[in-house]
Amino acid sequence: MSGTLQVVFSGRRLLFLVTAGGVFVTLSILVFMIVLGLPLFTSNSFSLILTQDWAPDRGFFGIFPFICGTLAIVTLSLLLAFPLSLGNAVLIHLLLPPVAAKFLHRVVKMMTGIPTVIYGFVGIFLLVPFVREWFDSGSGMSILSAALLLALLISPTMILVFVESFAAIPKSQVRAVAALGGNLRQKLIYLYLPGAQNGILTGLLLATGRALGDTMIALMVAGNATAQPESLLDPVRTLTAHIALVMAADFDSIEFKTIFACGIILYLWTATLTLTLRFLPYGVLKSRLNRGLS
Amino acid sequence: MNRVYDCLLYFSAGICGLLLLGAVAGLTGFLLWHGLPVLGLELFFGSLKIGEIVDVIFLQQVVVDGLWPAVVGTCLLVLMALSTALPLGLGAGIYLAEYAGGKAKTLFSLTFDLLAGVPSIVIGLFGFSLTLYLHRQFSSLTPCLLISGLSLALLVLPYLVRTTQTALEDLPDSLRLTAAALGAEKSATIILVLLPQALPGIFSGVVLAIGRAAEDTAVIMLTGVVATAGIPRSLFDNYEALPFYIFYTASQFSDQHELQQGFGAALVLLIICVLLFTGAGLIRKKASYRLLYHSK
């Protein structure tokens, strides 16, 4: 008897169970959403949900406008944040004198600690009125406002990864380029950008994941309109905001079931990003690093 | 011509830096400008006297007009999330670093990466679905503090696993070999030798997890936070929380005073989170310094 007890409670077994529990919960998130959204799949209306407009009064429960809204905001924020992050990473690693570079690096690290709800809050009272006055259209809550704030939210992630991958480039190569008389621009184009391409891709994918998963900025400053957006100044609703907004509805309605479709889409998108990150060819970077050290 | 390109490079990089610093300065400056004047006891306790504030802390008096219930709610959330996630995260981290090998390790750490990538609103949706499911069994269960705490635990679990795992894996192999040479069993090595050495790294992960649990709004929005609830009396009560208070004020404020309170709350949350994240960074730095110079 004491023998079996010992086996069951042995440390290793216990730790394994804990770890397996984590795996179980991660998978059950997806299973739960599929089970609760099941009527959507069985009644053959899933393709309709993915492609139709959202007009509950006319019987349309499509989340297509929200998919478009999400993609529009994420794409625009990446387009804004990528050059911004690259510029800052170059500043920190290459251009600025040590003291100033350290300061900028500190500020970027601090930015990772700013809560998203605070970006949203400041966005409503500072950025939205500005966009409203400047472009003279509607309420100011729009794709543009949300993308600007989101760019600010995802930049620190990218900058930190970029700086790290710049720093991983072997010193011997840096010196070799310097010895050949390469100036800063040539170093950047022929050494740093090609050498850090895996790191740059990693940063981009991580930032995309953060942008896709953000709820508060989109909910607070994107306007949450259900119509298909036509310009950058149109208000949109994202998939995340849709989940937050429909909660109040009746639990048995199709309206309510659509939030599980949103959840499943978000889960699958972020899972794809994670898997892509996992299978990036890091080997190249690592072998270069080792050669540089030896 | 090359000169022009060089100048262009310097110029655009400079602009990027200025834009970023300007945005951060604008954001913090705006919050400080509006939030600093209201920062004080009144922000938390409304118009209560000092003596009454003591009563509030011992739950003898209710705060009507102040952040106190939201602060208490956030603290309870953090406490619940951490007390659930910490043992699990430590356990899984130790297993991944010291026991798991080969395919199992790859599979398990991939799953925790997946969990780390799941958007917080989806975790909130999971908590909500769980409540719906449990509601059929126990009809008295509605979204509440318990559900929120557990959902937040799920949110911070991957951080704790990852920091524990890397803190252990970064330890020099000489430690493991020495312990083994002295005849220590594996479990004894882990508990008496490796964990104490890895403690600063693990601790930085805990601080980071506290920050994540305190700032997250999406999870609690779906799992039981409300605008006015006072201090929760049990785990099955609704509650208030700082980030939700900020979100709610931004859209629902009715007068200047409420808006001011919102700015105060935003400033308080910003200060707490920035301190926590900076603290985590400092601890990690200390830890790596110790590893480099003291443990070998």
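1. Phe260(A) reaches across the chain boundary. Its contacts (heavy atoms within 4.5 Å) are Met33(A), Leu36(A), Gly37(A), Leu125(B) and Ser129(B), leaving out residues up to four places away in sequence. Phe260(A) sits in helix α14 (residues 254-278) of chain A. Helices are DSSP runs of H or I, at least four residues, numbered from the N terminus. With 1% relative accessibility, Phe260(A) counts as buried. Buried means under 20% relative accessible area, exposed over 50%, and partly exposed in between, with a 1.4 Å probe and protein chains only.

2. A word on the basis. This is a predicted model, in which local features need pLDDT of at least 70 and side-chain atom pairs count only at pLDDT 80 or more, while totals for chains, interfaces and linings use all residues. Residues are numbered from 1 along each chain as its sequence is written, chains are lettered from A and ligands numbered from 1 in the order in which they are written, and side-chain values use heavy atoms, without hydrogens and water.

3. The largest nonpolar core has 172 residues. Such a core is a set of buried Ala, Val, Leu, Ile, Met, Phe, Trp, Tyr and Cys residues joined through side-chain atoms within 4.5 Å. Ile63(A), Ile118(A), Tyr119(A), Met220(A) and Leu31(B) have the most contacts inside it. Helix α8 (residues 143-167) of chain A gives the largest share, 15 residues. Domain 1 (2-36) and domain 2 (70-293) of chain A both contribute, so this core lies between them. The domain bounds come from an automatic or database domain assignment.

4. Met220(A) touches residues of both chains: Val117(A), Gly120(A), Phe121(A), Ile124(A), Met141(A), Phe247(B) and Ala250(B), again not counting residues up to four places away in sequence. A second, separate core has six residues, including Ile53(B) and Trp68(B).

5. Rings of Phe, Tyr and Trp (its six-membered ring) pair if their centres lie within 6.5 Å; planes under 30 degrees apart are stacked, over 60 edge-to-face, the rest tilted. Phe121(A) and Phe263(B) have ring centres 5.0 Å apart and planes at 80°, so the pair is edge-to-face. Phe121(A) lies in helix α7 (residues 116-135) of chain A and Phe263(B) in helix α12 (residues 256-293) of chain B, so the pair joins two chains. Both residues are buried.

6. For Cys68(A), the nearest cysteine sulfur is that of Cys262(A), 12 Å away.

Technical notes: Disulfide = S-S within 2.5 Å.
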